[in-house]
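Hi everyone, thanks for coming.

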Amino acid sequence: MYATLPAAAGAEPRRLVAFRKVTLPAGGSRRLTFTIAAQDLTIWQAGAWTLVPGSYTLATARSSRSLTAQRTLTIS
């Protein structure tokens, strides 16, 4: 699971925030649940870890270059 932080965070383009290896047969599917701690979305700013308000995009992927699904959420 990758997260894209709001532009105001000035963070890397994508951050790996969760990982689970799953092997599926061709055409197979499986439902997975991930819990992402708020601290995994923070940045070091002005001497403290900060959760920047704004839009965060969470994406599932085979790699950082191969996104398979994504959702956006807003943190205020």
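How many residues lie between E5 and E6 in their hairpin? Two residues sit between these strands. Before I go further, this is a predicted model, where local features need pLDDT of at least 70, side-chain atom pairs count only at pLDDT 80 or more, and totals for chains, interfaces and linings use all residues. Residues are numbered from 1 along each chain as its sequence is written, and side-chain values use heavy atoms, leaving out hydrogens and water.

Okay, the overall picture. The protein chain has zero helices and six strands. Along the principal axes, the C-alpha atoms fill a box of roughly 50 × 20 × 20 Å.

The chain has 76 residues, and 24% of them count as buried. Buried is under 20% relative accessible area, exposed is over 50%, and partly exposed is in between, with a 1.4 Å probe and protein chains only. The accessible surface is about 5,700 Å², and carbon and sulfur atoms own 51% of that. Those areas come from the Shrake-Rupley method with a 1.4 Å probe, and for residues only the protein chains shown count as cover.

Now the sheet. Four strands make an open sheet in the order E2-E1-E5-E6, with antiparallel pairing. Two strands pair if DSSP finds at least two bridges between them. Strand E2 (15-16) and strand E6 (66-75) are at the edges with a single partner strand each, so one side of each has no neighbour in the sheet.

Let's go back to our hairpin. Strand E5, residues 54-63, pairs with E6 over nine bridges, in the antiparallel sense. You can follow some of the partners on screen: Gly54 is bridged to Ile75 in E6, Tyr56 stands opposite Leu73, and Ala61 stands opposite Leu67. E5 also pairs with strand E1, residues 2-4, over three antiparallel bridges. There, Ala3 stands opposite Leu58 in E5.

Next, the loop between strand E3 (43-45) and strand E4 (48-50), which is where Ala46 sits. Ala46 isn't a glycine, yet its phi is positive, about 55°. Is Ala46 buried or exposed? Ala46 is exposed, at 82% relative accessibility.

What about aromatic rings? The structure holds one aromatic pair. Trp44 and Trp49 have ring centres 5.2 Å apart and planes at 70°, so the pair is edge-to-face. Here's the rule: rings of Phe, Tyr and Trp (its six-membered ring) pair if their centres lie within 6.5 Å, and planes under 30 degrees apart are stacked, over 60 edge-to-face, and the rest tilted. Both partners are exposed: Trp44 has a relative accessible area of 53%, and Trp49 comes in at 60%.

Last stop: Arg20 lies over the face of Phe34, 4.8 Å from the ring centre. That label needs NZ of Lys or CZ of Arg within 6 Å of the ring centre and within 35 degrees of the ring normal. That's me done, thanks!
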